[in-house]
Amino acid sequence: MRIDLHAHTTASDGTLTPTELVAAGAEAGLDVLAITDHDTTAGWMPAAEARPAGLALLRGAELSCRWYGESPAIPLHLLAYLFDPTAPSLVAELARVRGSREERAQRIVERLRADGVDVTWDEVRDYAAGGTVGRPHIARALVRAGLVAGTDEAFEDRWLGERYRVPKEDTDVFAAVRLVREAGGVPVFAHPKATKRGKVVPDSLIVELAEAGLFGLEADHEAHSPAEREHVRGLAAELGLVVTGSSDFHGSHKQVKLGAYTTEVDAYEAIVAAASGVPVLGP
């Protein structure tokens, strides 16, 4: 089986609609595909309605979190699988984070415009196509304006990486693990040792998260070096956590393809068995 447990759509910052994503998953030869948009379940229904017969769809989300054990706090992402999308506490927290994300995007656009950069909020919002507005949509506006060659350049320090960086509110990671578990979901730490993305949390925090209910670690990911992948695998083995692998597919925002990294069947089955929120759709 080919299992990819991390992919995004236009419901957050991907470039394929949910309908297009499931079609692309089938075309890529996947047996299982997870839809994990940032802080939203808006893509679940259209993806489910368009799911090809031979593709299993695992519904999830990627939660924007922070660890406040250091100053400044360290951002991290938590993949939440098969949770109840109507769980009140989790629904409220996701709405709060999405609101913060949109407010941050508006402030970034205002700062860019104040410096004479040719971008508008209407343009950025149009790129989001009704989904959660994020920095990748601003990056698309910078590309359109001819100021950067692509998304990677847009996230360099002279643009969104530092000069126009605006903080946003995220969920405390321990609260996120608790909320996901309470909603019948299964939490997996996304790309936990991706040092090329910035500062990462210490292993001691992952130990604490495992004690608090963390279920797995994403090891095989394009942002992990071979040494980082092995480190994550070793840590997961020590803590009794499952290991996942996935593309973190965003469409044309990134070069990585669906199925570039995959999850072993036993890890996938363990995730499904541990969930009580919603079932996997399909075979």
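Start with helix α4 (residues 121–128) and helix α5 (residues 135–144), whose crossing is right-handed. For the handedness, look at how the near helix is turned from the far one: anticlockwise by less than a right angle counts as left-handed, clockwise as right-handed. The axes of α4 and α5 come within 8 Å and cross at roughly 120°. Axes here are lines fitted to C-alpha atoms, for helices over the stretch in contact, and angles run from 0 to 180 degrees between N-to-C directions. Helices (H or I, at least four residues) and strands (E, at least two) are DSSP runs, numbered from the N terminus.

Before going on, note that this is a predicted model: local features need pLDDT of at least 70, side-chain atom pairs count only at pLDDT 80 or more, and totals for chains, interfaces and linings use all residues. Residues are numbered from 1 along each chain as its sequence is written, and side-chain values use heavy atoms, with hydrogens and water left out.

**Stop 1: the α4 and α5 contact**

Select Glu123, Val124, Tyr127 and Ala128 in α4. By class they divide into five nonpolar, one polar and three charged. Ala, Val, Leu, Ile, Met, Phe, Trp, Tyr, Cys and Pro count as nonpolar, Asp, Glu, Lys and Arg as charged, and the others, Gly among them, as polar.

**Stop 2: α3 against α5**

Keep α5 and select helix α3 (residues 88–114). The two pack at an angle of about 25°, with their axes 9 Å apart. That makes α3 roughly parallel to α5. Angles under 35 degrees count as roughly parallel, over 145 as roughly antiparallel, 65 to 115 as roughly perpendicular and the rest as oblique. The crossing of α3 past α5 is right-handed. On α3, show Arg104, Ala105, Ile108, Val109 and Leu112. On α5, show Arg135, Ile138 and Leu142. This contact has six nonpolar, no polar and two charged residues.

**Stop 3: α8 and α9**

Now select helix α8 (residues 173–182) and helix α9 (residues 203–212). Their axes come within 10 Å and cross at roughly 25°. That makes α8 roughly parallel to α9. Here too, α8 passes α9 in a right-handed crossing. Val173, Phe174 and Val177 of α8 meet Leu205, Glu208, Leu209 and Ala212 of α9. Six of these residues are nonpolar, none polar and one charged.

**Stop 4: the strands**

Select β3 (56–67) and β4 (74–81). They run antiparallel, joined by eight bridges. Two strands pair if DSSP finds at least two bridges between them. A hairpin of six residues links β3 to β4. Zoom in on Gly60: its bridge partner in β4 is Tyr81. Which residue of β6 stands opposite Tyr81? Val186 does. β4 and β6 pair in the antiparallel sense over four bridges.

Is β4 enclosed or open? Six of its eight residues are buried, so β4 is largely enclosed by the rest of the structure. Buried means under 20% relative accessible area, exposed over 50%, and partly exposed in between (1.4 Å probe, protein chains only).

Move on to strand β6 (residues 186–189), which pairs with β7 in the parallel sense over two bridges. Val188 stands opposite Gly216 in β7. Strand β7 (residues 216–220) is mostly covered, with five of its five residues buried.

**Stop 5: backbone details in the loops**

Select Ser71 and Pro72, which a cis peptide bond joins, with omega about 0°. Pro72 sits in the loop between β3 and β4.

Next, go to Asp39, in the loop between β2 (32–38) and α2 (44–50). Its phi is near 60°, a positive value in a residue other than glycine. Asp39 is buried, at a relative accessible area of 1%.

Then pick Leu82, in the loop between β4 and α3. Leu82 is not a glycine, yet it has a positive phi of about 55°. Leu82 is buried, with a relative accessible area of 1%.

**Last stop: Glu62**

Find Glu62 in strand β3. Glu62 is buried, with a relative accessible area of 1%. Not counting residues up to four places away in sequence, Glu62 touches several others, including His6, His8, Asp39, His77, His191 and Asp248. Finally, draw a distance from Glu62 to Val117: their C-alpha atoms, 55 residues apart along the chain, are separated by 31 Å.

Notes:
Contact means heavy atoms within 4.5 Å.
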